[in-house]
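Good morning, everyone. Please look at the structure first.

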Amino acid sequence: MRRLEGSVAVLTGAAGGIGGALARRLAAEGAALALADLDGAALARVARGLAEEGCEVSAHEVDVSEAGRVGEFAREVERRHGRADVLINNAGVALIGDVEEVSLADIEWVMGVNFRGVVHGVKHFLPLLRRQPRSYLVNVSSIFGVVAPPGHAAYCASKFAVRGFTEALRHELEGTGVRVSCVHPGGVRTGIARAARAGSDAAPGKREREAERFERLAVTTPERAAERIVAGMLRGEPRILVGRDASQIDLIQRLLPSRYWRVLEPIVERRTGRKM
């Protein structure tokens with residue numbers, strides 16, 4: 001395990017949830033931070049709080065789905081901090097709805113942020129990471145990048161894409177100084193479900209029902225998730241499962257790769273008191 005003191009960590013989706021907790025954790029480890037989020041006001045509050053505690057931090061309003069803006073962000077980081085030792089592609093959004101309920105535009109939106117946002121971050125920051133003798137590249141997928149429940153096809157597609165991209169990238173970078181990890185959080189108590197977008201043709205109230213279901217299943221705090229992610233990154237874990245629920249779901253999927261939902265569906269219904 002290597003200490004992060006004196007390193008420069010780049011983090012997207014840093015204005016709240018897992019991202020906000022990661023920013024605080026990285027600062028506690030002694031890293032300087034380059035934080036990005038689309039919500040500039042919320043990001044400024046996070047950065048201001050960390051600066052008041054003595055952290056060297058810069059805030060960058062970035063839409064990760066825009067490749068050009070991510071390229072500008074990388075240049076801003078190089079000018080401000082001189083280098084990048086850590087990249088955590090954490091920014092993400094949620095989309096709720098069966099395939100027949102989501103539009104092509106809905107799917108483009110979720111893929112643009114969740115998948116292409118990761119690709120943009122990797123492409124623009126990898127040259128900076130490669131300059132360091134040891135660096136860390138972490139892409140946040142989801143437990144929905146391991147299993148695919150009904151009603152989340154587009155979201156799952158984006159997170160499975162992150163997983164496949166990251167695993168191939170890890171194989172390509174073996175033997176270099178860049179350690180690559182893919183993160184699969186289970187239920188983490190953040191606001192992502194409440195902020196989710198419902199498909200254009202989804203039934204009224206579906207987003208609220210799904211958010212309530214998620215909140216009943218979410219057991220891990222953002223702080224605990226951040227602690228687990230940083231520890232796994234520093235240990236060089238290629239696959240970081242966050243939460244006991246993620247570990248259990250992963251095991252069931254591996255034991256029953258084509259029939260896991262027959263086991264998981266009644267568990268979800270029992271814990272939430274709702275039919276899927």
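Helix 8 passes helix 9 in a right-handed crossing. Right-handed means that the near helix is turned clockwise from the far one by less than a right angle, and left-handed means anticlockwise. Helices here are DSSP runs of H or I with at least four residues, numbered from the N terminus, while strands are E runs of at least two.

A word on the source. This is a predicted model, where local features need pLDDT of at least 70 and side-chain atom pairs count only at pLDDT 80 or more, but totals for chains, interfaces and linings use all residues. Residues are numbered from 1 along each chain as its sequence is written, and side-chain values use heavy atoms, leaving out hydrogens and water.

Back to the pair. Helix 8 covers residues 244-255 and helix 9 covers residues 260-272. Their axes lie 8 Å apart, at an angle of about 150°. Axes are lines fitted to C-alpha atoms, for helices over the stretch in contact, and angles run from 0 to 180 degrees between N-to-C directions. That angle makes helix 8 roughly antiparallel to helix 9. The cut-offs: under 35 degrees is roughly parallel, over 145 roughly antiparallel, 65 to 115 roughly perpendicular, and the rest oblique.

Who touches whom? Helix 8 brings Gln248, Ile249, Ile252 and Gln253, and helix 9 brings Tyr260, Val263, Leu264 and Arg271. Contact means heavy atoms within 4.5 Å. This contact has five nonpolar residues, two polar and one charged. Ala, Val, Leu, Ile, Met, Phe, Trp, Tyr, Cys and Pro count as nonpolar; Asp, Glu, Lys and Arg as charged; the others, Gly among them, as polar.

Next, helix 6, residues 206-217. Its axis comes within 9 Å of the helix 9 axis, and the two cross at roughly 90°. Helix 6 and helix 9 are therefore roughly perpendicular. Arg213, Arg216 and Leu217 of helix 6 meet Val268, Arg271 and Thr272 of helix 9.

Last, the cavity. The largest cavity's lining has four nonpolar, five polar and no charged residues. Helix 4 (residues 104-130) gives the largest share, four residues.
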